[in-house]
Amino acid sequence: MSCNEVAIQINRASKVYPVYDRPHHRLFQMLSRREKSRWFREFWAVRDVTFSVSRGETLGIVGRNGSGKSTLLQMICGTLAPSSGDIDVRGRVAALLELGSGFNPDFTGRENVFLNGTVLGLTRQEIEDRFDDIAAFADIGDFIDQPVKSYSSGMYVRLAFAVAINVMPDILVVDEALSVGDEAFQRKCFARINAIRENGATILFVSHSASVVTELCNRAVLLDRGELLGIGAPKAIVSRYQKMLYAPADRLEAIRAEIRAECGVSGAPVKQDPVSVEVRQMAPSASSGELEEQDELFFDESMVPQSTLHYESLGAEITGVRLETPGGKRVNVVKADREYVYIYNVVFRQSASAVRFGMMIKTVTGLELGGGASSTLTDSIVVVESGQEFEVRFRFRAHLAAGTYFLNAGVVGRVGEEEGYLGRCIDVAMFRVIYDPERLATGLINFDIQPSFRSAKA
Ligand SMILES: Nc1ncnc2c1ncn2[C@@H]1O[C@H](COP(=O)(O)OP(=O)(O)OP(=O)(O)O)[C@@H](O)[C@H]1O
């Protein structure tokens, strides 16, 4: 599929609502026979918006509350008709709009899966074929046969997301819904969104989270008061959005004009590569400073990743994955800026050469923050015999903000003539960095910034 193929073309789309200042004005309007008498004001939820989205693009939509994001998405999904203008959508659209839309509350989860699948254009047989995958992804147990009105918001999102991503949409529309699930489920969803994107689908993503938009999207649009203020690279759009969010009221108009001038609709989509950090050689660990055993660091058994993916093993099996303090206590709830050891065992099922081990730490959205390899190719283990077992240890300092993180593990080497992953596990473990009110570092990564200040001479 070509990236330049247009998936969505929006041409001067508007949505205008009549707004009545008094309830009885609505009645007057209904009874009014004269064309000119008007008992309402017009409210433009979306006004004269034009842009296109190429197939394969991931487009972020940002804007303040009430800026028209949901209205625009609903028009793209066909659940709301524009008052004027055209919206041309090419392909099957699966949408995860606000909680509450999409499912019939009196029907069971199972019935809603069939209803939703049919609305999305699947035959009964196609839905039956996918039902087990949908139920497994949602993972809500027997609730699948209960009416959805008895669901918690988390269960609702699980099922809605399971349907949306299992119908193999050409266009996937996600409106903030993900923020309802827990981190393990969010990670599973982001992993699936990435897979759908890699398959060439187009994704529209409404989010208030600057980091999600900059990590996931190739391009972003900024809506304000129903108008398209700007379109461009996610970083540029998100920084303008934040400038607007924190602007004093009397500067808002000037900032809107500035944004329009700087990044008003123009030109072709800006392609940006997803951020990826690949570490060839593990950096020497920072000063070790033995960690005292802390009572508040512990192992929470309920923290199990739901997006774990074991690649087909090519001779090396990764087991016993765990995180420990340097003193050997198993943990997954940790404190920032302390040292931990990421450990896994590798059993070789066939002999291999040029063997190296690796790890990666990622955010919930899948952003690769950093990792390490046990050695360079020239220093790799020359030969490993079949049946040999290794314990691999990566000691690292968790220079991270409070939040949940996911870990990969991998073994690279050569079997015969073939070089590649002999074993690889994605999202094989997760850990949570607890909030520390004393921490001065801001942002995701602690760069060990040393602040100082002094009174400057006049
Ligand atoms: N049926 C309606 N009648 C009148 N006004 C409406 C209607 N639906 C939406 N609006 C208004 O249109 C504007 C845009 O709403 P919309 O829900 O699209 O904004 P949004 O950017 O998605 O907001 P949020 O971030 O708060 O979800 C809002 O001011 C909303 O009050």
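The model is predicted. Leaving aside residues up to four places away in sequence, Val173 touches Leu73, Ile76, Cys77, Val93, Ala95, Leu96 and Leu204.

Strand β6 (residues 171-175) is mostly covered, with five of its five residues buried. In a regular strand the side chains alternate between the two faces of the sheet. In β6 both faces are covered: Ile171, Val173 and Asp175 are buried on one side, and Leu172 and Val174 are buried on the other.

## Neighbouring strands

Strand β5 (residues 93-96) pairs with β6 in the parallel sense, over four bridges. Leu96 has Val174 as its bridge partner in β6.

Strand β7 (residues 202-206) also runs parallel to β6, and five bridges join the two. Here the bridge partner of Val174 is Phe205 in β7.

In soluble globular proteins, nonpolar side chains tend to be buried together. The largest nonpolar core in this model has 108 residues, and Ala164, Leu172, Val173 and Phe205 have the most contacts inside it. Helix α5 (residues 153-166) gives the most to this core, with ten residues. Both domain 1 (6-91 + 170-263) and domain 2 (275-453) give residues to the core, so it lies between them.

The chain is divided into domain 1, which covers 6-91 + 170-263, and domain 2, which covers 275-453. Taken over C-alpha atoms, the centres of domain 1 and domain 2 are separated by 39 Å. Twelve residues from domain 1 and 13 residues from domain 2 take part in the contact.

On the side of domain 1 that touches domain 2, α6 (183-198) and α7 (210-216) each supply at least two residues. Helix α6 gives the most to that side, with nine residues. The residues of this side of domain 1 divide into six nonpolar, two polar and four charged.

## The ligand shell

The residues surrounding the ligand are Tyr17, Phe43, Ala45, Gly63, Asn65, Gly66, Ser67, Gly68, Lys69, Ser70 and Thr71. By residue class, the shell holds three nonpolar, seven polar and one charged.

Two elements, β2 (41-54) and α2 (69-77), each supply at least two residues of the shell around the ligand. Of the elements, α2 gives the most to the shell, with three residues.

Note on methods. Residues are numbered from 1 along each chain as its sequence is written. This is a predicted model: local features need pLDDT of at least 70, side-chain atom pairs count only at pLDDT 80 or more; totals for chains, interfaces and linings use all residues. A residue is near a molecule or strand if its C-beta atom, placed from the backbone, lies within 6 Å of it. Ala, Val, Leu, Ile, Met, Phe, Trp, Tyr, Cys and Pro count as nonpolar, Asp, Glu, Lys and Arg as charged, and the others, Gly among them, as polar. Domain bounds come from an automatic or database domain assignment. Two residues are in contact if their C-beta atoms, placed from the backbone, lie within 7 Å. A nonpolar core is a set of buried Ala, Val, Leu, Ile, Met, Phe, Trp, Tyr and Cys residues joined through C-beta atoms within 7 Å. A residue is buried if 20 or more other C-beta atoms lie within 10 Å of its own, exposed if 12 or fewer, and partly exposed in between; C-beta atoms are placed from the backbone. Two strands pair if DSSP finds at least two bridges between them.
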